[in-house]
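Reader: Please take a close look at one part of this model, the protein surface that faces the RNA. I would like one connected description.

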Amino acid sequence: MTLDSNPIIAGRLLKLSALRASGVDPYPPRTPVRLPIAEVRGMNPEQGDAVQTSGRIRARREHGKTIFMDISDPSGKVQLYFNSRELPPETWEILEHTDLGDIIWVAGVLFVTRMGELTVKVTEMKVLVKAVRPLPVVKVDSEGEVHDAVSDPDLLYRHRCVDLLLNADSRERLVSRSRMIKALRDYLDGSGFIEVETPILQQLYGGANAEPFITKYNFLDQQCYLRIATELYLKRLMVGGFHKVYEIGKDFRNEGVDRTHSPEFTQLELYEAWTDYEGMMLRFEELVSAAAAALGKGSEITFQGLSIDLATPFARVPFVDALHRHSGEALFDMDHAALARHAGRLGIATGGADRPDLLDKLFDHYVTPTLVQPTFVIDYPVELSPLAKGKPDNPMLTERFEAFIAGIELANAFSEQNDPLLQRRILEEQAASSGHREGGVDEEFLYALEVGMPPAGGLGVGVDRLAMILTDAGSIRDTILFPHLRREK
RNA sequence: GAGCCGCUAGCUCAGACGGUAGAGCAUCUGACUUUUAAUCAGAGGGUCCGGGGUUCGACUCCCCGGCGGCUCACCA
């Protein structure tokens, strides 16, 4: 469909030509001096101050010889008043070739209308941008009630610019995400960490159990993977003497999409020498507190109707205890067959699931939904945690935790395994037994452990999910500016 | 991957039992010199998601497909 097959767009294109024909550049290269709209609104109208500002036309109310308009910029909205008797005819003519959505610059004088609205009486105007595509019109009445809000999620996700322009919720949420990430960085930088960047394009993938995206580097005629985690590279840095290090970046997992999963998501991973998973619990608590504070939130927040208390310390519950308590049975002591029967009775798919898979599924079934208040689930079974150090007093368990809020897994951390021989054995066994580990064992990672990695704690935080919790977003997609969608027809 | 729901004008939505599509906003024309969901009068605007089928006739019923939403499954 060509642009002008839509009659509304065709009309705008005509006005665009008309502007050009009368010597007006509809896309001038520079903006005259202007004040942000919020500053205009903050001025004292008694003085009849001269002001210059610019913004997008959001509403237009014509009254014969006069026109009221609302224009907005990111800082706010202000009303303009045009009077044809007091404007040069050329200016009035330009005005008649503007539409909702156009961006204009005006100069004028402040006054307050009969209705008490601070208004710029325009004496001069310029078109800065002629919008050729109509913006959906959303109206807000005097009670603040929004009318005809654009609600089609498809339209909003595909055309995020429209969403951001029209929906204050979206705009504020995504700004909050940025502020939150800045707070995480500030906290870590202030705590002596350094931020690094590790490869996204990898010849091997690892650091998590996930299906990778596969791509190809033409120059070397070589298959590559998009990273699924940053873990193995950050640990090389630990070996190299970066003892407090973190990365905030995208990981890619070639798996399903739902409310809490996106194929492309942002993870914070940090590693810190001379500490362990206990230290990581403190880090996580402090990161969450810093993030909440940056958004002006206290410890009491609401998420999807749930009241959540972010006050630290967060609860700690051993994995096995929680599993047994919520299931009412000693599941951890059962063998594979018994677990499979148990899971089968609950209608959980057990095909191909090994014992650790079953334990994890059963945990998800019985315990995860109950973890509404911030909770560290600690001491995971060793089979679920190939990169974590075992507990000295119990070889079945590891020094690992996952952090949950509102039933959502937000973080995963452990006392990092640094025994090179043990780590090699675990990774090789895993590579042999698991069909989809095409990447093989990361020898360079093992080489680094052989050189010697100091005792350390490591922590991974799902940044998008933390943003969900702190901005009360029902879907991870709401926290991602451009979430992945299927190709449009 | 499965089930359910949805897709009608630029936007939000109606459309009884199958009879050839409507409203509000937006757009266009006209009126109006302080309005603010401005108001008033008039006009234009549709591949009813796509493709098949049933039927004299399909937005409507059936089948296949697309996209989206929700739920489930998958996902350390």
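Author: What follows describes the surface near the RNA strand.

This is a predicted model in which local features need pLDDT of at least 70 and side-chain atom pairs count only at pLDDT 80 or more, while totals for chains, interfaces and linings use all residues. Residues are numbered from 1 along each chain as its sequence is written, chains are lettered from A and ligands numbered from 1 in the order in which they are written, and side-chain values use heavy atoms, with hydrogens and water left out.

A residue is near the strand if one of its heavy atoms lies within 4 Å of it. Around RNA strand B there are 59 residues, of which Lys15, Gln79, Arg85, Glu255 and His261 come nearest. By class, the surface holds 26 charged, 19 nonpolar and 14 polar residues; Ala, Val, Leu, Ile, Met, Phe, Trp, Tyr, Cys and Pro count as nonpolar, Asp, Glu, Lys and Arg as charged, and the others, Gly among them, as polar.

Polar contacts (pairs of N or O atoms within 3.5 Å) reach both kinds of group. A side-chain N or O atom of arginine 61 is 2.6 Å from a base oxygen of RNA strand B. Helices (H or I, at least four residues) and strands (E, at least two) are DSSP runs, numbered from the N terminus. Helix 4 gives the most, with five residues.

Methods:
Polar contact = N/O pair within 3.5 Å; in protein donor to acceptor, adjacent residues only side chain to side chain.
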